[in-house]
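Here are a few exercises to work through with the model open beside you. Try each task before reading its solution.

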Amino acid sequence: MSGRGPTLVLASTSPYRAQMLGRVVADFRSMASHVDETPRDGELPRDTALRLAIGKARAVAADCTDSLVIGSDQVAELDARPLGKPGTAERAFAQLRQSSGRMLSFHTALCVVDTRAGAMTVRSAIDTTRVHFRELGDAEIHRYLELERPFDCAGSFKVEGRGIALFERIESDDPSALVGLPLIALCRLLREAGLAIP
């Protein structure tokens with residue numbers, strides 16, 4: 001993007017986030033942040049998401065000049081406790097069974113670090129989406145997991161895929177946030193940094 005403005009860098013190697021970012025900007029690169037995502041003792045899920053989004057953006061920004069670095073993190077919350085990525089079919093089944101008939105909050109935090117002018121300017125935002133699950137039977141949970149295998153997704157579902165059938169309703173100010181990158185807030189932060197969007 002030389003001569004046309006700052007380089008855009010996504011502080012993530014997530015294909016989901018890259019796909020989402022590609023909806024609003026055409027030219028960016030992705031870099032892994034290597035930030036420890038372990039929640040701190042007593043830390044609220046919302047605070048974890050914001051801390052990690054800022055930490056990821058700042059970690060990558062340390063190696064980037066003349067750039068806008070985008071960090072994001074999402075933490076699912078059930079009964080004031082974080083609900084992580086399941087990793088296995090057994091854990092995914094347990095998560096969905098626990099979520100059946102319940103409401104989960106998904107805190108999706110965003111940070112844009114501007115490394116122009118030799119300093120780091122940090123802008124951040126957070127979106128909370130509330131997902132209301134239907135009452136789910138064991139057979140339909142197993143069927144869903146076999147079809148979609150959402151083992152790398154917080155909450156054990158893909159809202160952009162068949163997971164939408166698991167819900168009664170979703171309450172959100174930004175429907176893109178649940179996929180992992182709140183695009184409405186991102187566009188605002190990028191405009192504040194002087195980037196023309198769209």
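Two strands count as paired if DSSP finds at least two bridges between them. Keep in mind that this is a predicted model.

**Exercise 1. Work out which strands pair with strand 3, and in which sense.**

Step 1: start with strand 4 (residues 81-83), which runs antiparallel to strand 3 and is joined to it by 3 bridges. Here E77 has P82 as its bridge partner. The two strands make a hairpin with 2 residues between them, and D79 in the turn has a positive phi of about 55°.

Step 2: go to strand 5, which pairs with strand 3 in the antiparallel sense over 10 bridges. L68 finds its bridge partner there in D114.

Step 3: finish with strand 1, parallel to strand 3 and joined to it by 4 bridges.

**Exercise 2. Is strand 3 mostly covered or mostly open?**

Step 1: count the buried residues, taking buried as under 20% relative accessible area. You get 12 of 12, so strand 3 is mostly covered.

Step 2: check both faces. S67, V69, G71, D73, V75 and E77 point one way, L68, I70, S72, Q74, A76 and L78 the other, and all are buried.

Note on methods: Residues numbered from 1 in each chain as written. Predicted model: local features only at pLDDT ≥ 70, side-chain atom pairs only at ≥ 80, totals over all residues. Heavy atoms only, no water. Buried < 20%, exposed > 50% of the residue type's maximum accessible area, 1.4 Å probe, protein only.
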